[in-house]
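Please describe how the chains of this structure are built and where they meet, for someone who has not seen it before.

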Amino acid sequence: MATTTTTLKGAGPVSGSRSFFLKLRDGDEIARLVTLVFATTVVLITAALVWELWINSALPRQKFGFHFFVTSVWDPIMDQFGALPFIYGTMVTSAVALLVAVPLGIGAAIFLAELAPPRVSDTLQFFIDLLAAVPSVIYGLLGVFIVVPLMRTVIYPALNKPFGYLPIFKGPSYGVGFMTAGIVLAIMVIPYIISVSREVLLSVPRDQREAALALGSTRWESTWKVVVPFAKTGIMGSIFLALARALGETMAVTMVIGNTPKIAASLFAPGYSIAAVIANEFTEATGELYLQSLIALGLVLFLLTFILNGLARILIVVTTQKGSEAGG
Amino acid sequence: MSNGRLRWRKFVSNFMLAMTGVCAFVSVLVLFFILGYLLFNGGTSINWDFFTKLPKPVGEAGGGMANAIVGSGKILLLASLMGVPIGFLGGIYLAEFSGKGMASVVRYAADLLNGVPSIVIGIFAYSLVVLPFKHFSALAGAFALGMMMIPITLRSTEEFLKSVPRMLREAAMALGASKWKTIVTVIVPAAYRGIMTAILLALARVAGETAPLLFTAFGNRFESHGWSQPTATLPVMIYTYAVSPYDDWHRQAWAAGLVLLGLVLIINILARTILSRGIAVPRS
């Protein structure tokens, strides 16, 4: 922004005014200005987004301050709003999702990058890309009609009988809950982990593998002790990316988490997440404080994903650069 | 002893490598499972009424989602009209005109926008479009989806324009074409397939978005005329119908799910074939 105005002013009133209009006639300057306007729009929209979130969440900031994050009462009638149950739900579901998705995703990425012949790898990657394109409401639909019954009839008995004494597997199961949401999320983020990890693994220079093999390591040892550590930061990046996606996911979680603002130790208990409460209550939020509390939750979500995405990008860039430096 | 150790290491190697294969296989299987399940459940519940009739009142069986199909189409069209020009022209600026400082600001903003959870985009569209107009509208929904299309279009336009070989530029300039003429007649046509792919992928992504439409386009049991009324869309209908207690609605949710998934996957496959069939544009 600043640079534009200075160019225009500098070209305007002083002797440069004629040359400015000459350039305009040439067309290049017009094209530059027009495209600049559109490019600036992107910056303005992003700035407006942050601004609107900040301005429209002023009330809960003034009224509750930091207590907003640590109280667990969510009572629209008494105008009491605490975000803790939602933050807890978002964190627990994302943690479950990562526990399931990370081993599976990294395993699959290793297969695609190290073992599969290029043609097979590309074909499988094509399917993975399609999987990443499946809309989240479809995952929600399948979650409601497949994962929820499956949870009630298969997974819950299998875990509750032998491990029921552990607090995380205690209590009854209604099918919906943290665990169900976590599993659906896991399925949704696996394609992201696979795609990015595969790219990162492929960027590891060949010499690294060959050196390990020449020293007498088996194929797995060269992969696990040399290639994966080399790509470690990038793989971490892919996990952060998946986490950011899991935190912000709305529809699939809303449909299977149970929508109960309670903090429960059991993974089978119904809960609530930040995105889900916004989706469910935004249109019915009566009263300024209620609406603004929901927007404040949106701001929290925005900041979390902002930080995670930033970290992920740095980690991925660092690794791929390391690969091309060591390789070239 | 050492022989046994070696055998053990080989066994571990083969076992672990086989496991990675299983991981990949399971992940891909999920796609076919989703497809198969939707084809089975949606295929048995889809019929002509689904495409031509309005939803029936609660309790009455039958009816369709004609209004939601039209609504989705309308909103996607308007979203593209808002998002694509900004992304495309902004991308041209980044690739062709910008200095370092401004470019990194724009790029950063686009990446940031790309990572924003869709529900937060919904909040933004609500406070910017719904609140001033005082009602839910197709316009607000399109605004939300259009915003989500911007970063994808912008970054890929930039990538593909930058990957056009330098020689093409120099040849055009040597023939005396001005910079913008070079861009319009040489560079953009050369990168055309890549940009088309990116726009289609962006469209496919927002076509399935539900969260930003919940409180912008809202929903409607009837046809909505014009752009300023609450409008039904397929994804929101799937959501409402799936969480409802009625069997007939569940049936229609499956049908709608099949239509939506089919649409999204077809656009995706189409986009990827456009790219791979095209004149090989060297990437990066």
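In this predicted model, B:I238 has contacts in both chains once its neighbours within four places in sequence are left aside: A:V137 and A:L141 on one side, and B:A253, B:A256, B:G257 and B:L260 on the other. B:I238 also belongs to the largest nonpolar core, a set of 203 residues, where B:I238, together with A:V189, A:I193 and A:V256, is among those with the most contacts inside the core.

Between the two chains, 66 residues of chain A are in contact with 69 residues of chain B. On the side of chain A that touches chain B, the largest share, 16 residues, comes from helix 3 of chain A, which covers residues 28–55. By class, this side of chain A divides as the table shows.

| Class of residue, side of chain A touching chain B | Number |
|---|---|
| Nonpolar | 44 residues |
| Polar | 16 residues |

Chain B consists, in its secondary structure, of 10 helices and zero strands. Its C-alpha trace spans about 75 × 70 × 35 Å along the principal axes, and chain B has a radius of gyration of 24 Å, whereas a compact globule of 284 residues would have one near 19 Å. Of the 284 residues in chain B, 50% are buried, and among the contacts in chain B between residues at least 6 apart in sequence, 75% join residues at least 24 apart.

Note on methods:
Residues numbered from 1 in each chain as written. Chains lettered and ligands numbered in written order. Predicted model: local features only at pLDDT ≥ 70, side-chain atom pairs only at ≥ 80, totals over all residues. Contact = placed C-beta atoms within 7 Å. Helix = DSSP H or I, 4+ residues; strand = E, 2+ residues; numbered from the N terminus. Nonpolar A, V, L, I, M, F, W, Y, C, P; charged D, E, K, R; others polar. Core = buried A, V, L, I, M, F, W, Y, C linked by C-beta atoms within 7 Å. Buried ≥ 20, exposed ≤ 12 C-beta atoms within 10 Å, placed from the backbone. Rg over C-alpha atoms; globule rule 2.2 N^0.38 Å.
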